Amino acid sequence: MSELMPSEPSPVPASVAELTLLLEPRLPDILDLAERLTAVESGSFLPAGVDEVSRIVAEQLVALGFTTSWHTIAPDRGKAFEATFETGRPGLRLLVLGHADTVWPADTTNDWPIVTDAPIMSGPGLGDMKCALAMAVHAIEAALNTSVPGIATITYALVPDEELGSVDSRSWLADLGRRTDVCLALEAGLIDGGVIVSRGAVGAMIITGHGRTAHSTDVTGESALRALAPLVEELESLTDRDRRTICSVGILRSGTARQVVPDHAELHLDLRAPDDAAGRSLVTEVRRLAEARAGDGITVEISGGITRPALPRTSTGPVYTLAEDLASAAGLALRRIDEMGGSDASIVAQFAPLALDGLGPTAFDQCSRAETVVRDSVVPRTAMLAALIGHAARLAEHLPNQEDHV
C-alpha cells in the first residue's frame, strides 16, 4: 500500500466522488484483507486470535507510517491496540475506533464459509466488524494519498473485549477519549445510508436469591426459585418500547434436582434506555422490585447497572452534518439512525467532544448466523470514511479551545 502514497499530496482534501474513483480499483484488496481478518477466529475468549487481528491491522498501518502499541487489559483477554500517525502539523486529534473481538467461539469457521465474491457477503464476524476494519485501513490510506489538512494525529484503535461490554478496556478507552477530538466509529451502517447519530444507555444486572435447601418433602426448605420466579413478569413489565425502554430477563437459573428445594436462583437482565437519566431510573426500579422479594428466609443480592452510557446527538450532530454535506455533493443520501444497542463510541464520547458511529459497511443480523454484508456498500462507505478523515478539520469550530486546533 505504501508505494501508492504520492510524493506531493494535494493541499485540498478529496471529495467523496474523487475518493470513490480512487478506491474502486482497490475493492479486491479491501475484500482480501477483510477475508484474511475474518479467517482469524477472534472470539472475546480467544486472546491469541484477538491479538492476531490487531497484528494484521498493525502490519498494514506500519507501511503507512504509523507507530503501534499494545496494552494489557487483563490476563485472559487480548491486548488493546492503537496505532498513531503524526502529521507534524498542529490540528485536531482524530480517532478511528473499532474492535478486534467477535462473539464467535473456536472452530466456527469450520462450518461457516467466508464469502466475499457475491453481492451478499458472509462470514463469522465479517459484518461485526472485520470488513469495517479492512475498510478503515484503506480509507486512511486514501485520505493520506490526497490531503488531511488541519489534522495533527490519526489514531486507529481496536478494543479486545467489546463483545463482553468492554469491561476490562474501560480505563484505556477513557484515556483514549481524553486524547481525542473527533471519534469515527466503525460499527456497521444501515440500509439507505443509515448512520448512527445516537445510542441509548445499556445495562446488565444479576439478581441472586438465597434460600435454604431441603428435600421437597421437608417443610424447612426455602425456595429461592419460588421467590425470584415472579420477578420475570414484574421486571419485563417495565419494558416500554414506545419510549425505547427495555428490561429483558435473558437467564433464569436455579435448582440441582427435581426433588430438591433450590437454595439459589439467578436472574440475568438486559437493560436499554433512551438516555442516561432513564437508564438510572430503570436500574432504581429493578432494585425496588428485586428487594421486595426478600424475606421469609430469602435474601436477595443485586449487582450491575448501566454498563454503557448513551451517545447523545449533541456529540454526533456536527460530524453528521459534515458527513451529510460530503455525501450530498456526491449525490448520495445519508439517514440518521437512533440505535438502542451500545458501542465503544459511547464510552469515548464521554471524554471526546465529537463522535459519529455506524460508519462501517451496510450489514444485517450481526452476532447471528445470518450475518451478512452488502458488497456494493463497501466502496461508497470507505470513500465516506476517507472523506470525513480528510475534511475533519472543518469540525474545529465545534471544539473547545479552538485555538489549539489551528
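A crossing of two helices is called right-handed if the near helix is turned clockwise from the far one by less than a right angle. In this predicted model, the crossing of helices α9 and α11 is right-handed.

**The crossing of α9 and α11**
- Helix α9 spans residues 313-329, and helix α11 spans residues 378-391.
- The axes of the two helices come within 10 Å and cross at roughly 115 degrees.
- On the α9 side, the residues that meet α11 are V319, L322, A323, L326 and A327.
- On the α11 side, their partners are M384, A387, L388 and H391.
- Of the residues in this contact, 8 are nonpolar, 1 is polar and none is charged.

**Helix α11**
- Helix α11 has 14 residues.
- From its first C-alpha to its last, α11 reaches 20 Å, close to the 20 Å expected at 1.5 Å a residue.
- The helix is mostly covered, as 13 of its 14 residues are buried.

**H398, after α11**
- H398 lies in the segment after α11.
- The relative accessible area of H398 is 41%, so this residue counts as partly exposed, a class that runs between the 20% limit for buried and the 50% limit for exposed.
- Leaving out residues up to four places away in sequence, H398 touches P318 and L354.
- Between H398 and V379 there is a separation of 19 residues in sequence and 29 Å in space, C-alpha to C-alpha.

Key. Residues numbered from 1 in each chain as written. Predicted model: local features only at pLDDT ≥ 70, side-chain atom pairs only at ≥ 80, totals over all residues. Heavy atoms only, no water. Axes fitted to C-alpha atoms, helices over the stretch in contact; angles between N-to-C directions. Helix = DSSP H or I, 4+ residues; strand = E, 2+ residues; numbered from the N terminus. Contact = heavy atoms within 4.5 Å. Nonpolar A, V, L, I, M, F, W, Y, C, P; charged D, E, K, R; others polar. Buried < 20%, exposed > 50% of the residue type's maximum accessible area, 1.4 Å probe, protein only. Expected span 1.5 Å × (residues − 1).
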